[in-house]
Amino acid sequence: MAEDNSYESMLCVKPEVHVYRIPPRASNRGYRAADWKLDEPAWSGRLKITAKGKMAFIKLEDRNTGELFAQAPVEQYPGCVVEAVTDSSRYFVIRIEDGNGRHAFIGLGFADRGDSFDFNVALQDHFKWVKQEGELAKMEATQSEAPKLDLSFKEGQTIKISIGNIKKKEAGGAKARPMGGGLLPPPPGAKAGAVIPPPVGQQTVSAAQTNPAPLLDFGSTAPAAQPSSDMWGDFTSAGSNSSKDEAKSGWVQFS
């Protein structure tokens with residue numbers, strides 16, 4: 001991804017910082033803020049941290065007019081441009097440049113500990129992003145240089161796909177539902193165990209059609225008995241009838 005070097009973003013703004021003249025470093029152990037004249041700052045004003053491409057810039061400006069007092073270009077952090085002191089978290093040593101190749105080291109202090117924390121985090125986040133962009137660019141370059149794998153079909157090339165364990169549906173489809181026995185449910189309000197009368201059409205059958213007397217008369221010369229209104233006979237008076245009447249009627253007496 002091409003970098004837009006003309007775009008400058010704002011990373012952090014602090015309205016009040018102090019600048020101190022610092023003595024030369026006495027040893028390699030680092031700077032100590034206790035060696036500075038903390039009650040006599042050389043300058044006080046506003047601090048801005050801006051970013052342009054991969055570079056970050058610490059700018060010290062007048063809080064009223066915005067005139068630039070000093071600037072420190074930062075290429076990496078932590079590094080030699082911004083260094084924390086060994087005895088406090090509110091003071092740093094930064095290397096400023098005038099644009100003509102000359103540079104100097106000055107002390108930078110914050111009145112509030114939270115401001116110094118924001119200053120530190122703003123620089124860390126910017127260079128973390130720079131590192132991620134560099135790793136992404138290397139990955140894209142490696143992928144572009146690697147030979148591409150051609151998985152396309154050549155002319156006349158075919159493939160065969162075998163799909164197993166597929167059961168075919170039976171042609172019959174769903175099974176036919178069994179037919180009922182033809183019995184109708186009892187009508188609403190009928191008592192359990194009650195006898196259902198036959199349909200009206202069956203009650204109009206003539207008694208002469210159901211008379212079994214002609215069926216029991218095998219070759220008898222006696223005239224057929226006249227149909228009776230009672231198709232089953234008079235069982236109650238069977239004891240008083242003679243055997244002759246029994247032969248004429250065609251019924252057998254059960255005692």
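A residue is called buried under 20% relative accessible area, exposed over 50%, and partly exposed in between (1.4 Å probe, protein chains only). The model is predicted, so local features need pLDDT of at least 70 and side-chain atom pairs count only at pLDDT 80 or more, while totals for chains, interfaces and linings use all residues. Residues are numbered from 1 along each chain as its sequence is written, and side-chain values use heavy atoms, with hydrogens and water left out.

**Exercise 1.** Classify F153, S88 and K59 as buried, partly exposed or exposed.

Solution. Step one: F153 has a relative accessible area of 53%, so F153 is exposed. Step two: S88 is partly exposed because its value is 23%. Step three: K59 is at 15% and therefore counts as buried.

**Exercise 2.** Describe how β3 is paired with β4.

Solution. Two strands pair if DSSP finds at least two bridges between them. β3 and strand β4 (residues 68-74) are antiparallel, with six bridges.

**Exercise 3.** Find what the side chain of K59 touches.

Solution. A contact means heavy atoms within 4.5 Å. Leaving aside neighbours within four places in sequence, the contacts of K59 include E8, R46, L68 and A70. With the side chain of E8, the K59 side chain also makes a polar contact at 3.0 Å. Such a contact is a pair of N or O atoms within 3.5 Å; within protein, one must be able to donate a hydrogen and the other to accept it, and residues adjacent in sequence count only if both atoms are side-chain atoms.

**Exercise 4.** Locate S88 relative to A34 and R90.

Solution. S88 and A34 are 54 residues apart in sequence, and their C-alpha atoms are 8.8 Å apart in space. A polar atom of the S88 side chain lies 3.2 Å from the backbone nitrogen of R90.

Technical notes:
Helices (H or I, at least four residues) and strands (E, at least two) are DSSP runs, numbered from the N terminus.
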